[in-house]
Amino acid sequence: MAKRTIDSFYKRVSPPQSKKPKTEETPLSFTHHPSYPHPIAALPPSIANPLASIRDAQPKTIANQPHLDLLYFHPLIPSPTARDLFQFLRRELPFYRVQYTIRRGGQPTQINNPRFTTVFGIDATSQFIPPTRPDATAIADTDAITTAPSIPVDTKTHNPISPTKYQYTPRPIPECLDTLRHHIEAAIGDGSTYNFCLVNYYASGNDSISYHSDDERFLGANPSIASISLGAQRDFLMRHKPTQAGSNQQPVKFGLASGDMVVMRGETQANWLHSIPKRKGSEAQMGRINITFRKAVVSGGTDNYYTYNVGKGPVCRWDEREGKMCQSGGGT
Ligand SMILES: O=C(O)CCC(=O)C(=O)O
Ligand SMILES: [Fe+2]
């Protein structure tokens with residue numbers, strides 16, 4: 001049987017032919033997977049081709065504060081491509097407005113995520129591979145090649161994982177985001193690899209993420225987190241965690257623009273907090289997408305990421321006529 005990479009495995013089919021003349025924006029193919037609420041378009045060449053050059057982008061190193069270790073690509077993606085990628089991802093990805101309950105002071109308290117989120121990927125104990133084929137004749141059947149979905153298997157044994165291993169059905173990173181992953185791993189060039197892609201959509205200046213650090217144990221020690229900004233410019237604030245010497249340091253502020261990438265690595269997560277505060281002003285009504293690539297090393301990471309970024313609520317899609325995210329019916 002011919003050896004095929006995981007990347008080449010995703011089903012690629014042409015969209016239904018219509019009488020409309022083809023424009024550059026017409027998606028050429030889709031990633032299909034039973035875990036997706038809908039097929040997810042692959043990048044059109046008008047975005048995929050210029051994106052290939054981001055591998056050569058040169059970052060600035062920011063390590064002028066205790067425990068801070070950042071790479072700042074300003075920009076990573078040139079502005080026309082960043083704009084097209086923003087519009088493409090907003091239109092094509094499924095998003096969620098996740099709600100969950102925590103106990104606060106002994107009382108169950110409902111938390112509403114103040115932004116739209118979505119996630120793809122699986123931790124390092126599992127991986128997506130094409131299902132094995134019994135004989136070579138199946139390969140001759142192009143339809144069989146293109147319709148079989150990739151399946152999650154145990155990384156060590158390559159046996160299919162138990163259906164009860166995870167609380168949520170993990171989703172493979174779709175081709176449009178996996179292409180980006182390959183390019184940014186090359187641009188960062190320090191050997192970091194990623195198996196998760198989290199996407200935030202801030203619909204306006206009223207959406208935000210409060211101070212936190214991505215220092216969960218399931219990311220291992222000194223995790224590398226690559227964070228890409230598209231769309232509206234927003235302030236990214238970082239401040240050192242409180243120390244014995246006090247906590248009244250001024251935050252470090254980056255005005256993250258469309259196409260920028262910040263890589264947080266080394267001891268950064270263990271020692272620093274970061275946030276995107278709410279904002280007013282001219283760009284406040286514009287949307288912003290943030291994409292983070294991360295590597296979860298144990299299975300708890302998969303459950304955590306799907307719980308807080310997909311959840312159990314309805315899927316939302318961008319509605320061009322309404323100019324906003326709308327619930328698209330059905331489940332997750
Ligand atoms: O939107 C951003 O730039 C930051 C997002 C973030 O910190 C996160 O998702 O953990
Ligand atoms: Fe974060």
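I took strands to be DSSP runs of E of at least two residues, numbered from the N terminus. The model is predicted, so I noted its limits: local features need pLDDT of at least 70, side-chain atom pairs count only at pLDDT 80 or more, and totals for chains, interfaces and linings use all residues. Residues are numbered from 1 along each chain as its sequence is written, chains are lettered from A and ligands numbered from 1 in the order written, and side-chain values use heavy atoms, without hydrogens and water.

Entry on serine 229. I located serine 229 in strand S12 (residues 225–231). Its relative accessible area is 1%, and I recorded it as buried (under 20% relative accessible area, 1.4 Å probe, protein chains only). I found a polar contact (a pair of N or O atoms within 3.5 Å, one able to donate a hydrogen and the other to accept it) between the side chains of serine 229 and arginine 288, at 2.8 Å.

I looked up the protein donors (N, O and S atoms within 2.8 Å of the metal; 3.2 Å for Na, K and Ca) of the iron ion (ligand 2): His212 (NE2), Asp214 (OD) and His274 (NE2), lying 2.1 to 2.2 Å from it. Histidine 212 is in strand S11 (residues 209–212) and histidine 274 in strand S16 (residues 272–276), so the pair ties together parts 62 residues apart in sequence. I found histidine 274 buried, with a relative accessible area of 4%.

Entry on ligand 1. I noted an oxygen atom of ligand 1 at 2.6 Å from an N or O atom in the side chain of tyrosine 202. A polar side-chain atom of histidine 274 lies 3.0 Å from an oxygen atom of ligand 1.

Key:
Helices (H or I, at least four residues) and strands (E, at least two) are DSSP runs, numbered from the N terminus. Buried means under 20% relative accessible area, exposed over 50%, partly exposed in between (1.4 Å probe, protein chains only).
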